[in-house]
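User: I am new to this structure and would like to learn how to read its features step by step. Could you give me the general idea each time, and then the case at hand?

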Amino acid sequence: MVATGVVCFFLGVTTVLAVQGFATWARVRGLPLGWWRWAACAAWALLVLAVVLFASVSWGEGEPRAALIGGAAGLALIALSTVALWRFVLRATAAHSG
């Protein structure tokens, strides 16, 4: 079993790299990052994390049917929210600014 501290360390490293990568990507594209864009992206990331955690915990608890149904429903919600996030938050200003 992997120690919880090791998992938290790698989760923190991944989070820092993702935030830095997102900020660099936005700066290169000329996309101004207001607080609401950061909040929308953070909400999307928490949704992805929640779906992954739900599916893995359900599977680990011996409930593969709940993991598959919940994972599939969560994946559909992630797909819809990804399109909305890209269309209304990330792409809208970049298309108008240049």
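User: What pattern does the chain follow when read along the sequence?

Analyst: Helices (H or I, at least four residues) and strands (E, at least two) are DSSP runs, numbered from the N terminus. Read in that way, the chain follows the pattern α-α-α, and its secondary structure comes to three helices and zero strands. Please keep in mind that this is a predicted model, in which local features need pLDDT of at least 70 and side-chain atom pairs count only at pLDDT 80 or more, while totals for chains, interfaces and linings use all residues. Residues are numbered from 1 along each chain as its sequence is written, and side-chain values use heavy atoms, with hydrogens and water left out.

User: What percentage of the residues of the chain count as buried?

Analyst: Buried means under 20% relative accessible area, exposed means over 50%, and partly exposed lies in between, with a 1.4 Å probe and protein chains only. Of the 98 residues of this chain, 16% count as buried. Accessible areas come from the Shrake-Rupley method with a 1.4 Å probe, and for residues only the protein chains shown count as cover. The chain exposes about 7100 Å², of which carbon and sulfur atoms supply 75%.

User: How many aromatic pairs does a search of the whole structure find?

Analyst: Rings of Phe, Tyr and Trp (its six-membered ring) pair if their centres lie within 6.5 Å; planes under 30 degrees apart count as stacked, over 60 as edge-to-face and the rest as tilted. A search of the whole structure finds three such aromatic pairs. In one of them, the ring centres of Phe 22 and Trp 25 are 6.1 Å apart and the planes are at 20 degrees, so this pair is stacked.

User: Where do Phe 22 and Trp 25 lie?

Analyst: An α-helix has 3.6 residues a turn, so residues three or four places apart point the same way. Here Phe 22 and Trp 25 both lie in helix H1 (residues 4-29), three residues apart, which is about one turn of the helix. Phe 22 counts as buried because its relative accessibility is 15%, whereas Trp 25, at 28%, counts as partly exposed. Trp 25 also forms an aromatic pair with Trp 86, and this one is tilted, with 5.9 Å centre to centre and 45 degrees between the planes.

User: Which parts of the chain does the pair of Trp 25 and Trp 86 link?

Analyst: The pair links distant parts of the chain, with Trp 25 in helix H1 and Trp 86 in helix H3 (residues 64-97), 61 residues apart. Trp 86 counts as partly exposed, at 36% relative accessibility. Phe 22, Trp 25, Trp 38 and Trp 86 form one aromatic cluster.

User: How far does helix H2 reach from its first C-alpha to its last?

Analyst: The expected span of a helix is 1.5 Å times one less than its number of residues. Helix H2 (residues 35-60) has 26 residues and reaches 37 Å from its first C-alpha to its last, close to the 38 Å expected. The buried residues of H2 are Arg 37, Cys 41, Val 51, Ala 55 and Ser 58. Just after H2, Gly 62 takes a positive phi of about 85 degrees.

User: Which residues does Ser 58 touch, not counting those up to four places away in sequence?

Analyst: Contact means heavy atoms within 4.5 Å. On that basis Ser 58, which is found in helix H2 and is buried with a relative accessible area of 11%, touches Glu 63, Pro 64, Ala 66 and Ala 67, not counting residues up to four places away in sequence. For the chain, residues 24 or more positions apart account for 58% of the contacts with a separation of 6 or more.

User: Is Leu 68 buried or exposed?

Analyst: Leu 68, found in helix H3, is exposed, with a relative accessible area of 55%. Leu 68 and Ala 55 are 13 residues apart in sequence and 7.0 Å apart in space, C-alpha to C-alpha. Ala 72, whose place is also in helix H3, is partly exposed at 48%, and Ala 72 and Val 51 are 21 residues apart in sequence and 9.2 Å apart in space, again C-alpha to C-alpha.
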